[in-house]
Amino acid sequence: MKGTRSKKCASCNCCKRLYRRYIYDYWCDGKYFCTELNDLTKRENVCDKWRRRIFEYDLSNERLKTAEEDIVFLIETLT
């Protein structure tokens, strides 16, 4: 894999950020996992399977309803 200026694994829809755990804390590592190649990669790398990242938001009524229920539960628990 060779690095380019605009197409990087960090902006690829196939690559997911890798998080590490140490005792009780999590932190993001400088590595990514490519779901197309099933391999670890670095942020600056790119391959021929690069696809533009798609941002999807779940604004369904079911999700908002569960969020409201969670907020009510927290208010009742903390007061």
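# Questions on a fold

Q: Which residues does Arg21 touch, not counting residues up to four places away in sequence?
A: Contact means heavy atoms within 4.5 Å. With residues up to four places away in sequence not counted, Arg21 touches Tyr26 and Trp27.

Q: What pLDDT do side-chain atom pairs need to count?
A: Residues are numbered from 1 along each chain as its sequence is written, and side-chain values use heavy atoms, with hydrogens and water left out. This is a predicted model: totals for chains, interfaces and linings use all residues, local features need pLDDT of at least 70, and side-chain atom pairs count only at pLDDT 80 or more.

Q: Is Arg21 buried or exposed?
A: Arg21 lies in strand S1. The classes rest on relative accessible area (buried under 20%, exposed over 50%, partly exposed in between; 1.4 Å probe, protein chains only). Arg21 has 58%, so it counts as exposed.

Q: How far is Arg21 from Leu37 in space, C-alpha to C-alpha?
A: In sequence, Arg21 and Leu37 are 16 residues apart. In space, their C-alpha atoms are separated by 24 Å.

Q: What pattern does the protein chain follow along the sequence?
A: Helices (H or I, at least four residues) and strands (E, at least two) are DSSP runs, numbered from the N terminus. Read in order, the pattern is β-β-β-α.

Q: Why is the protein chain called more spread out than a compact globule, and what is its radius of gyration?
A: The radius is taken over C-alpha atoms, and the globule rule is 2.2 Å times the number of residues to the power 0.38. For 79 residues that rule gives 12 Å, and the protein chain is well over it, so it is more spread out than a compact globule. Along its principal axes the C-alpha trace spans about 55 × 35 × 20 Å. The radius of gyration is 18 Å.

Q: Which residues form the largest nonpolar core?
A: In soluble globular proteins, nonpolar side chains tend to be buried together. A nonpolar core is a set of buried Ala, Val, Leu, Ile, Met, Phe, Trp, Tyr and Cys residues joined through side-chain atoms within 4.5 Å. Of the 79 residues of the protein chain, 14% count as buried. The largest core has nine: Cys9, Ala10, Cys12, Cys14, Cys15, Tyr32, Cys34, Val46 and Trp50.

Q: Which residues does Trp50 contact, leaving aside its neighbours within four places in sequence?
A: Trp50 belongs to the largest nonpolar core. Beyond its neighbours within four places in sequence, its contacts are Lys7, Lys8, Ser11 and Cys12.

Q: Which residues does Arg43 contact, leaving aside its neighbours within four places in sequence?
A: Arg43 sits in the loop between S3 and H1. With a relative accessible area of 41%, Arg43 is partly exposed. Its contacts beyond four places are Lys8, Cys9, Ala10, Gly30 and Tyr32.

Q: What is the relative accessible area of Phe55?
A: Phe55 is in the loop between strand S3 (39–42) and helix H1 (61–78). Its C-alpha lies 8.9 Å from that of Asn13, 42 residues away in sequence. Phe55 is exposed, at 61%.

Q: What is phi of Ile23?
A: Ile23 is in the loop between strand S1 (15–22) and strand S2 (25–34). At 56% relative accessibility, Ile23 counts as exposed. Its phi is positive in a residue other than glycine, near 55 degrees.

Q: Where does Asn38 lie?
A: Asn38 has a positive phi, near 55 degrees, and is a residue other than glycine. Asn38 counts as exposed at 57% relative accessibility. Its place is the loop between S2 and S3.
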